[in-house]
Amino acid sequence: TRYFADHRRVRVVGGRGGEGGHSFYSEPRKIFGGPDGGNGGDGGHVILKADQQTKSLSSVLPFYQGFHGERGGKKTCYGANGAYVYVKVPVGTLVKEDGAVVADLAQHGEEYVAAYGGAGGKGNRFFLSNENRAPTLFTPGEPGQERVLHLELKTTAHAGLVGFPNAGKSSLLRAISRAKPAVAAYPFTTLNPHVGIVHYQDYEQIAVADIPGLIKDAHQNRGLGMAFLRHIERCRFLLYVVDLSVSRPWIQLQDLKYELEQYKKGLSERPCVIIGNKIDLAESQINLPLLKEQVADRVIALSALRGDNLEELLLHLRELYDTYVKTQLSQGQSPVKW
């Protein structure tokens, strides 16, 4: 069964190092060849690796252990090192230990060593000295590092669709991308964030995330609450989706910004555009001019169901994206690409 998970508790243990070898070299006509036990191999690490093809933490298991190192052999042969264990996690995964963030895997291919393998033991050859010409001492391998980590996924996308339930966010994402989130006439149809990719003729791609609907006091964990408010943190700009068919639609916008600001200060001040959805309804034609009078930001009226005025949204979305790219390059940082 495929399901979405954005939290995981993982116990990771590095591989144990191999013990040192214990042997003495012997062959015909050379009976006092001396110690020749090699060192044991190091244990394998457990490594978290950000992978763009992985979209959920549902495939992450609750326990991982690195491979053990091999024992040192005769003739001063070292034991083989234990193989590394790679755990694929989605881009945007936070790694926490005891409540503190220890890693932020925000780029494709980024790696974090979650648990180091133990060092291999020393063979008796290592203890050879002028004072001790026939050492029998050898050491066992060290145990691997053991940790309990909490993985938390924050969806990485350029734009985030923010709105109340049934505002038409999923329908809009279906209209501008190939994503297929569920659409129905009841609230909280979307229970997991969906990311759709908007393609342009110059091969630029903009990722748009459909965040599950918010309600009043969502910052106090009501409704879906903070389980999905955190997915908005990674979005570079916001698309507020407002239902124009309800009375006083600007109240929706005020409530949305208030919830974002209560969750994280400054979140509601990111670059944004207001999307007045359901313009095909008669009530929306009356509320649209009233909404434009009440807000200072740009308002784009459209119908996600019929596809009216989607071109204006796509053009403005590209303007927001180009501004974001220029800002990142001017600051010496690389913008997120899809």
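In which helix do Tyr-321 and Tyr-324 both lie, and how many residues apart are they?

Reply: Happy to. This is a predicted model, in which local features need pLDDT of at least 70 and side-chain atom pairs count only at pLDDT 80 or more, while totals for chains, interfaces and linings use all residues. Residues are numbered from 1 along each chain as its sequence is written, and side-chain values use heavy atoms, with hydrogens and water left out.

Both tyrosines belong to helix H5 (residues 310-330), 3 residues apart, about one turn of the helix; helices here are DSSP runs of H or I, at least four residues, numbered from the N terminus. Tyr-321 is buried at 1% relative accessibility, and Tyr-324 is buried at 9% (buried is under 20% relative accessible area, exposed over 50%, partly exposed in between, with a 1.4 Å probe and protein chains only).

The whole structure holds 2 aromatic pairs, where ring centres of Phe, Tyr or Trp (its six-membered ring) lie within 6.5 Å, and planes under 30 degrees apart are stacked, over 60 edge-to-face and the rest tilted. Phe-126 and Phe-127 have ring centres 5.3 Å apart and planes at 90°, so they pair edge-to-face. Tyr-321 and Tyr-324 make a tilted pair, 6.4 Å centre to centre with 50° between the planes.

Phe-126 is partly exposed at 49%, and Phe-127 is partly exposed at 23%. The charged end of Lys-122 sits over the Phe-126 ring, 5.0 Å from its centre (NZ of Lys or CZ of Arg within 6 Å of the ring centre and within 35 degrees of the ring normal).

Definitions and conventions:
Helices (H or I, at least four residues) and strands (E, at least two) are DSSP runs, numbered from the N terminus.
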